[in-house]
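Subject: Structure handover, salt bridges

Dear colleague,

I am passing on the structure that we spoke about, and I would be grateful if you could look through it alongside the notes below.

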There are 2 protein chains.
Amino acid sequence: MALPVGSGSSTKELILAVALRRFGDHGFAGTSLNDIADEVGIRRPSLLHHFPSKEALYRAVLFDSFADWTGLVEQAIEGPRQGWPQVERMLRAAFTFFEDHPEFVRLVRWEALEGGPILRDELSVLLKPLFDRGADFLEREMDAGRLRRYDARQLLLTGYGAVLSYLSDGQLMTGLLDTDPLSPEALAIRREHVIDVLRTAVALDH
Amino acid sequence: MALPVGSGSSTKELILAVALRRFGDHGFAGTSLNDIADEVGIRRPSLLHHFPSKEALYRAVLFDSFADWTGLVEQAIEGPRQGWPQVERMLRAAFTFFEDHPEFVRLVRWEALEGGPILRDELSVLLKPLFDRGADFLEREMDAGRLRRYDARQLLLTGYGAVLSYLSDGQLMTGLLDTDPLSPEALAIRREHVIDVLRTAVALDH
DNA sequence: ATGTGTCTACCGACCGGTCGGTAGTACGAT
DNA sequence: ATCGTACTACCGACCGGTCGGTAGACACAT
């Protein structure tokens, strides 16, 4: 075949890509299968041939996205462990991922708001080890006197919450800030600001 | 005329109270007029007698909530202006309001996610003066050498984003933390943590 | 006091439209 | 011939909103 097998252009993968964006933009309830099917270029029953139901499609989108996310964080966790530089490396990797995948951030926000049982009961199980590992690392660094002492879990939530908010509330910020809050430049400024604040807050020698 | 005007239990006010909670729980699209009407104890047409449309009801809910919010912030802004204590006073007032009105926080989150034109085009106009005033105050304090220098607007977004996230993503956090993240105790811990981090980050003498 | 008109608050019934999902069919490639 | 993929046609449920109508409170002229 002339078509590259791993091209990612199969109908199923196209559906997943379109669904990710639509679910991210309008949430589960706000996205209709017709919307997705139309954009893919097929009819709704054809879409339901690839995924048995709307919820099955949604779950596939959610789990795929989380696999990408946890994979990247796992990778960033590797390497020599060392005080603030290690923290900053993890933060920067996570933030960059968020910036590259804003539809993922919005998807998580929708899920959190709807109180979706999928994320709460299943995905949080996948997320918890990462969360605990991050908290354990921070606690060890604090014990070793390399970081100012805080509640490690609270500190993790603070950092991620700050950037997640910015990315999911971007359209709202447009009215408050003068520049486009979702432009690459604005996102970089945002990322560096949060890192700067956190660095200052956890530093012991300034 | 014969109706007890200030009774607070009129049907219209009851509708607004129920609608605030339903819209906060399930968003605009996820809330049906039947849901609201049933809980109020009337039929949908009767509800539409008090508000001409679903959107009109939603706007009323949104504007009422924002009036409460801006009123409280305006009030907290008053008083002698003085470095960090003044900042903390504003933060504490805002956070306490959020804790007392979690449905308001969730309403704003929904609106931000849906990219609602109401909040973006109209409410942000009401919000911007407060936002600018807060940023101006922070900048003056930084100029006077009473606070560490940051981008004032970014700093404002960071603080509010941290608490807003926590309150709107509470159900998600249940799987990550061991305790109920929305209990009064957990919220107080959260509030004090954010204030603590911000205080440390902006302090110049530690 | 009695009828008359007007107002508010509410109701059941119904409308056009959209939703997710199903059944049966057509068609090209293997 | 079979299988995978797509289609048209259809279903019941639900949506926001409109319609005509009813019950009761009130003001007022007689």
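In what follows, buried means under 20% relative accessible area, exposed means over 50%, and partly exposed lies in between, with a 1.4 Å probe and protein chains only. Please bear in mind that this is a predicted model, in which local features need pLDDT of at least 70 and side-chain atom pairs count only at pLDDT 80 or more, while totals for chains, interfaces and linings use all residues. Residues are numbered from 1 along each chain as its sequence is written, chains are lettered from A and ligands numbered from 1 in the order in which they are written, and side-chain values use heavy atoms, with hydrogens and water left out.

The search of the whole structure gave 37 salt bridges over all chains, a salt bridge being a side-chain nitrogen of Lys or Arg within 4 Å of a carboxyl oxygen of Asp or Glu.

One of them joins A:Glu192 to A:Arg92, with the closest N and O atoms 2.5 Å apart. A:Glu192 is partly exposed at 31% relative accessibility, and A:Arg92 is also partly exposed, at 26%.

A:Arg22 and A:Asp35 form another salt bridge, at 3.9 Å from N to O; here A:Arg22 is buried, with a relative accessible area of 19%, whereas A:Asp35 is partly exposed at 27%.

Finally, A:Glu141 pairs with A:Arg146 in a salt bridge whose closest N and O atoms are 2.7 Å apart; A:Glu141 is buried at 3% relative accessibility, while A:Arg146 is partly exposed at 47%.
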